[in-house]
Amino acid sequence: MIAIAPVQDEMLCSGHAACPGCIDALAARHILAAMGPDTMAVIPPSCMAIIAGPQPMSSLKIPVYQPTLESSAAAASGLRRALDAQGKRDTQVLVLAGDGGTYDIGFQCLSSAAERNEDILYVCLDNEGYMNTGAQKSSSTPHFARTGSTPSGKLSRKKNMVEIMAAHGIPYVATASASHLADLRYKVEKAKAIRGTRFITVLIPCLDGWGLPDDAGLTAARYAVESGAFPLYEIEDGARVTLNVTARPRPVADYLALQRRYRGMAEADVATLQAEVDAAWEALERRAAAGAAAPA
Amino acid sequence: MDAIAKSARGATQLLTGNEAVAWGARLARPQVCPVYPITPQTPVLETLTAFQAEGTFDAEIITPESEHSVMSACIPASLAGTRVFTATASQGLLLMHELLHYASGARAPIVMANVNRTVASPWAFWPDQTDSLAQRDTGWVQLYVESAQEALDSVIQAFRVAEQALLPVMVSLDAFYVSHAMEPVDVPAQADVDAFLPPFAPERRLDTAQPSSWGNVVSQDMYYRHRQAIEEAMARVPALLAQADGDWQRRFGRGWGVVERYRCDGAQAVVVTMGSMCGTARVAVDDMREAGLPVGLVKVRLFRPLPVAALRAACAGVRDVVVLDRNHSPGAGGVLHQELRAALYGTTNAPRIHGLLAGVGGVNVPPRKIAEFVREARDSEPRPESVWVR
């Protein structure tokens, strides 16, 4: 058991509208606390927009601008430049978007913002599908997962957003998981100290969308990391790879067994998924080792 | 004379409509300018970036991957309390459509120049106002200008009206006829423009010192009241524009009006149109007046909100109103024709309204043709539908 220091200076108020047991709110609470009050949030339509609350209420103690679903990174760019024009260069612009708004419909403007290296921290709260509309597939949905639009299981693999973002050569790209809060806090604080486009995708198991009991969100998030299905790593300046959790004690089958979205998977498919995870993990290990061995 | 000295003193320069737009924007001192290139608007972008490169324009210029992202960036930049300018045309404006609604809903006083160009398909690059007229329900104030001088003046006036009404304003100029034609333009001195247009200082804005949010879900009642407030703001626009234009006239010696009446005294027929077509219609009116025909021109400068009272006054006592539409709304005909019919419906001795689809797709409409249209209209019964003429 790892002890996590309690959140100081709460930026997310209680009484918000997240589903019971939802760990999106838990992750947001830690992210917002790390960012502090001199921050503006950009939150497109997503679970996080629901958590942020209906007018005239807001569960966040910082200003929130809700753009259209596909325009978060462009909106954040506009906000960033307005702050720059006002001399408020230290104010952080934080995007809290879902995977639909990031991997899919918001991808074009995110790539453009990264190409311009806009000074924003873009956090994708990645629950691997359109969970706010009742669980349909996004391009973040993993291979074989069942959703409302893939009732027999998704035929293609999860888009590798981390590598795509890293390929822009932006200063900081990372994965994080709500199950590893110390690591999440570390990454948000590290990203906060960097200027330029920073991207963190945080795995958020969706209780309803993944078919998990109300108390199983964190377990699923932890199993995702421990099985290597969702490795925790960083890529700095598009090149330096750091694997943050190097042990991989679980087979993917343990992770799949927790979730109804993988119900009835054929053994051959489980083996296929295990092989995919193994190959990705080994490639990451090689790159992390190469980075560690390379001269500074 | 270098550019900085010119700006300080004011000077006449030979400018295209696009360059005049860029000068208007520069003099208005916007702080954020997201912009994406598209024919025939590109010279606006390039003039602004050239100003920035020479050190005479210090706005944050953002160059996103699409017009959609341009408008997406404009809105929160405006809500943060900065003055925001952009420019687009045709397909670019259509791509922004969703965000045009978003901008007016957010009460973001963005000013945007739009170069009126045909919409695809098929591809074409000619003057045609369908692009911006198709945005008439998006909550943007719309101005249509006739010349490079009017383009420059209108961009600056637009900021004043936008920031008073808290509504975005679009200034449209016809492709090539205005955007690329050069004419001598009086470029006012910076200090004189500063005296006309105070810095943008909105009471409410996105600010970490006073945290508040924009865009969260609202109830039916809140939404209803929000739309009412937008309508009330729109209703103030004709007076705000008249005021801004009057002040402009006092300071700079020229004004453009909300609706301009050209040689309308005693007119039995008036031509009603917008944009560059007005220049041609002036020549036609002069020719007809010289031939003894009592014909005038009513130029619609403010199209949204439609200045109904001014149009009713301009058309009162006139027998024939001849509307020239350089646009096409399939199934409805000419947009200005339909708008005029609605505006004049129910007035006492309402004029006979003839709607002509003239110049659609950039087809040339010379003065003699306009005179011909007026004579034909005078001698025929008006039809409810718009008529194709060339």
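**A walk through chains A and B**

A:Arg146 sits in the loop that links strand 4 (121-126) to helix 6 (161-166) of chain A. The model is a predicted one. A:Arg146 counts as buried because 23 other C-beta atoms lie within 10 Å, and the cut-off for buried is 20 or more. Leaving aside residues up to four places away in sequence, A:Arg146 touches A:Pro151, A:Gly153, A:Arg261 and A:Arg263. A:Ser59 is another matter. A:Ser59 and A:Arg146 are 87 residues apart along the chain, and their C-alpha atoms are separated by 32 Å.

Now turn to where the chains meet. Chain B puts 34 residues in contact with 33 residues of chain A. On the chain B side, the elements giving two or more residues are strand 2 (32-34), strand 3 (60-62), helix 4 (67-79) and helix 6 (97-105). Helix 4 of chain B gives the most, with nine residues. The side of chain B that touches chain A has 19 nonpolar, 11 polar and four charged residues.

Next, look at chain B by itself. Chain B has two parts: domain 1 (3-252) and domain 2 (261-388). The C-alpha centres of these domains of chain B lie 27 Å apart. Their contact takes 26 residues from domain 1 of chain B and 21 residues from domain 2 of chain B. On the domain 1 side, two or more residues come from each of helix 7 (130-133), strand 6 (141-145), strand 7 (169-174) and helix 10 (220-252) of chain B. That side of domain 1 of chain B divides into 16 nonpolar, six polar and four charged residues.

Strands of a sheet pair through backbone hydrogen bonds, either parallel or antiparallel. Strand 4 of chain B pairs with strand 5 (residues 111-116) of chain B in the parallel sense, over five bridges. Here B:Phe85 stands opposite B:Val111 in strand 5 of chain B.

Notes
Residues numbered from 1 in each chain as written. Chains lettered and ligands numbered in written order. Predicted model: local features only at pLDDT ≥ 70, side-chain atom pairs only at ≥ 80, totals over all residues. Domains from an automatic or database assignment. Contact = placed C-beta atoms within 7 Å. Helix = DSSP H or I, 4+ residues; strand = E, 2+ residues; numbered from the N terminus. Nonpolar A, V, L, I, M, F, W, Y, C, P; charged D, E, K, R; others polar. Buried ≥ 20, exposed ≤ 12 C-beta atoms within 10 Å, placed from the backbone. Pairing = 2+ DSSP bridges.
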